[in-house]
Amino acid sequence: MGKAVGSEPLGRLYTGKKPRRRREWRGLKDTMYDYFRWLGYWKTLIGFTLSINNIKGFLRYRWMLNYLAMPDYMDRHTEGMRGVQLRMAHQGLGLIVTDICEMLKKIFRADPEVGNDKAFNSKIVLFDENMMSTLMGGFPNLIWLSVEVPAVYTCSMLNQTGVTYYVEKTQEYGVPSDVCPMPAAELGVTLADDFPLIGKCAVQCNTTCDGSLMGNGMEARSFKIPTFQLAVPIRHRQESVQEYAAKEVLNAIHFIEEQTGETFDWNAFFDSMKRFNAETREFLEWMDLSKTDYPQMMGVTLALYRYGVYQAAGGRNQAFLDMDRKLTKLAMKGWQEKQMAAKEYRHRCMTWGVQAAYYTALPIWLMNCWGIVPIADMLTTVSTEMVNTEDKDQALLDLAYLYENMIMRNRSNGGYETGVEALFSYCEQLRIDMVIMYVHMGCKAMAGYHGLFEEEARKRGIHWIWVTHNLMCPQDGSRRDMRMEINRYMRTVLREEPLDPSLEDFDDSENW
Amino acid sequence: MKDLKHLYYFEKLLEEANHDLIREAQSRGQIAIGAVCFQIPEPLLNLPGCFSVRFRAPRTASMEMGTYYMSSMLCEGCRAILERAIEGGFEFLDCIIAPDACAQMNRCVENIERQNLCTKEKFFVSYADVPMKADDTALEHYVRQMREHVLKPLEEHYGIDISDQAMREAVETQNRISRLISEIGAYRKEENPRITGYEFAVLCTATYCSPKELLLEKLEETAEELKTREPDEKPGFRARVLLAGSEIDDPGFIRLVEDAGALVVADRFCFGSLPGRSEILLTEKEDPLTQICRTYMEWGKCPRFMNTAKIQERQTYIDALAKEYHAEGLIYQQLKFCDYWGYERASAFHVMREEYGYPVLSLDRPYVVGNSGQVRTRVQAFVESLEIKRAGRS
């Protein structure tokens with residue numbers, strides 16, 4: 001037990017029951033830091049409950065229960081960390097926690113069944129879960145919200161069984177169980193009448209996949225507000241689609257203008273995009289560090305934080321840019337001091353495919369148990385192109401390009417070059433020797449490349465580990481099952497011994 | 001009923017992906033274009049000098065290689081087609097022109113391309129982005145895509161004439177086929193139809209995977225023969241149904257449904273005639289490409305069309321067809337693992353039943369249905385429920 005990374009057997013935190021003991025001894029300084037951050041999360045939670053609206057919302061919506069697991073979620077996502085890694089995780093993910101709380105407050109304030117603030121509600125434009133908020137930078141007087149993010153996506157990450165009830169609702173309705181659980185869960189929330197019905201109008205998008213698109217159509221029926229469907233091209237690497245993509249984005253802007261009476265403010269939009277570009281530059285700094293032997297901003301911290309910046313904040317929130325800069329500073333410090341996130345780095349890996357929402361902490365386990373360093377993941381590798389902040393026509397084209405390259409869809413759509421070739425190009429750039437390939441049972445887009453992936457990996461001598469899961473349904477492939485697949489490969493193919501044997505096999509089926 | 005004179009001929013055509021008529025057309029110097037989806041308008045693939053062959057994998061047994069390359073969680077239709085390609089069954093193709101319409105079929109085509117499963121020297125694959133909404137912006141996009149990813153490559157690789165005149169010619173040929181199919185299909189509206197759903201499906205499916213001109217003669221003779229065909233005095237069915245859903249490229253599925261007592265009087269699926277075998281009406285006021293694209297965009301009934309108006313249109317269209325063809329019930333079927341129809345089927349089951357008042361059977365099925373006892377039992381039960389309803393009403 002001690003200050004050094006990997007000095008404590010972490011398997012002891014898992015008892016087969018709900019965790020009651022999560023504190024690790026990380027040395028005096030890090031333990032105190034971690035503990036005060038943990039107290040801070042409780043403060044955020046308690047502060048949240050001091051509002052009548054929030055209490056009413058908590059009692060009205062079944063999915064709100066999942067938020068009680070938030071402190072545990074932070075513990076899971078900082079497990080074994082020390083120094084810079086610990087600080088980056090707490091600060092980056094902590095900002096997302098605060099942001100989600102703010103979002104929930106706004107939702108409950110507008111919700112006719114809770115706060116019923118009609119004037120406030122009339123300013124809300126509802127976006128679907130996987131859709132970037134970026135274009136709302138041009139509507140500074142309107143409020144961007146997504147009800148699916150707090151009701152479905154974050155719930156599944158906070159509590160592994162957080163949305164299985166809703167997936168089952170959808171299956172009862174008649175949708176087959178082989179579709180992706182995410183749109184299925186969203187539809188389930190609709191069927192269970194568990195979405196706050198807010199907003200002046202809505203914009204949906206053909207975001208991640210065919211299933212997601214279909215779920216949207218059915219949800220739109222229940223929202224009962226004017227809805228615009230933004231059809232972003234699927235073959236988004238083709239030059240011939242860019243003009244259309246820009247026109248569709250412009251159509252979406254016109255729709256919002258018509259519905260709300262607001263006018264798109266180009267100056268505000270350009271300011272927002274300047275922030276977005278600055279955030280992209282920070283991200284590129286992190287990726288540069290990741291090419292070295294001492295990567296810093298990586299794994300789950302990078303993944304979850306990047307979703308928040310790229311998709312939800314979209315340049316509209318200065319707090320994210322400030323945080324980016326803080327993180328860069330921390331990362332530089334860690335790199336200069338050659339700080340490591342595990343006691344030994346044995347492999348550098350990319351995680352590709354869609355990660356299990358119920359096991360976002362797997363990359364941390366990879367490091368702690370096997371010394372596999374998760375340099376980057378598929379969902380993080382989004383567009384790093386700069387958006388023009390002077391020319392309106394070019395800015396529209398650039399904005400459209402962002403929408404074509406939203407998280408997930410930029411890999412699930414666009415064909416072989418985006419799904420397969422891009423991976424191996426990252427492998428070269430980031431000196432990757434292992435790919436943890438998530439087999440998300442409901443994801444048809446990646447499954448279609450199964451054989452081609454193996455052939456390409458074999459050609460390049462990259463270790464390839466398939467890890468099966470079902471995104472939001474742990475009963476179809478538990479966290480333990482996922483670890484088993486990796487353990488088997490490490491033991492039988494690579495004949496390696498774990499860094500922390502206590503983590504090799506444990507039961508966390510009852511954990512949040 | 002007396003057997004149709006050419007039914008066996010058409011059935012034989014459907015037994016192979018590369019059948020006699022394809023070989024005949026190729027021997028005359030025509031190029032064969034592999035087609036995977038309704039959303040590349042057929043006339044553009046049937047310009048003078050080329051013809052389209054819609055992918056099918058008849059008589060599929062094992063699909064292990066297809067499953068290895070695409071995993072067991074993907075549409076069996078796509079896996080079966082890939083398997084056939086790996087076996088060399090699509091070597092005859094000169095190119096494949098595919099829209100990126102559903103991810104699974106796209107992966108199937110990409111596998112064919114990346115594994116070099118078609119080896120002709122000038123072989124190429126072209127992918128087009130096709131609209132997911134039906135409006136003016138989408139139409140403009142559609143036209144551009146068809147020009148750049150269908151017409152241009154055909155001209156560049158094979159010197160195909162892509163002039164307006166050539167397009168009008170192709171539309172006229174397709175219209176001749178469509179008029180015949182519509183004329184034959186209209187008999188299904190009769191109280192005691194002189195053609196079964198299976199027979200009609202054989203004729204209609206053949207038109208999607210054969211050089212059209214070479215089919216005309218036999219189709220005309222069949223249409224002529226049907227004018228005087230006498231149906232059996234006692235109808236051989238117990239209920240009339242409309243069949244909707246994922247693509248059905250095997251008329252054997254319809255035979256299975258009909259053997260269970262449900263006559264398929266209307267076909268709203270890919271490879272069906274409604275609306276795929278309607279006439280394309282061209283005027284001189286606008287270029288033919290735009291008109292063809294507009295027609296296909298308006299016809300499009302695939303659930304991938306995501307705007308609310310199109311979603312509602314799919315339901316009203318089914319309602320109108322059911323009334324026109326006097327269907328008592330609807331069967332929504334879905335190829336297993338198809339995301340689009342997985343949702344659409346579930347939704348239609350509720351909407352068409354609760355809002356339109358139709359009895360609905362919701363069915364998911366494998367690609368190779370064969371003599372599926374499960375499907376038969378479910379259709380039989382549905383037919384019985386329709387009979388009970390009918391008895392209750394009377």
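Q: Before we start, what makes a crossover right-handed?
A: With the strands pointing away from the viewer, a right-handed crossover has a path that runs clockwise from the first strand over the helix to the second. Keep in mind that this is a predicted model.

Q: Thanks! Which elements make a right-handed β-α-β unit here?
A: In chain A, strand S5, helix H14 and strand S6 make one. Helix H14 covers residues 362-370.

Q: And how do S5(A) and S6(A) run, parallel or antiparallel?
A: They run parallel, and five bridges join them. S5(A) covers residues 347-352.

Q: What does Cys349(A) stand opposite in S6(A)?
A: That would be Pro374(A).

Q: Why is S6(A) described as largely enclosed?
A: Six of its six residues, 372-377, are buried, so the rest of the structure largely encloses this strand.

Q: Zooming out, how many helices and strands are in chain A?
A: Chain A has 20 helices and eight strands. Of its 512 residues, 57% count as buried.

Q: What about its radius of gyration?
A: For chain A the value is 22 Å, which agrees with the figure near 24 Å that a compact globule of 512 residues would have. The C-alpha trace spans about 65 × 50 × 50 Å along its principal axes.

Q: New topic: how many residues does the contact take from chain A and from chain B?
A: It takes 41 residues from chain A and 43 from chain B.

Q: Which element gives the most to chain A's side?
A: H9(A) does, with eight residues. By class, the side of chain A that touches chain B has 20 nonpolar, 15 polar and six charged residues.

Note on methods: Residues numbered from 1 in each chain as written. Chains lettered and ligands numbered in written order. Predicted model: local features only at pLDDT ≥ 70, side-chain atom pairs only at ≥ 80, totals over all residues. Buried ≥ 20, exposed ≤ 12 C-beta atoms within 10 Å, placed from the backbone. Helix = DSSP H or I, 4+ residues; strand = E, 2+ residues; numbered from the N terminus. Pairing = 2+ DSSP bridges. Contact = placed C-beta atoms within 7 Å. Nonpolar A, V, L, I, M, F, W, Y, C, P; charged D, E, K, R; others polar. Rg over C-alpha atoms; globule rule 2.2 N^0.38 Å.
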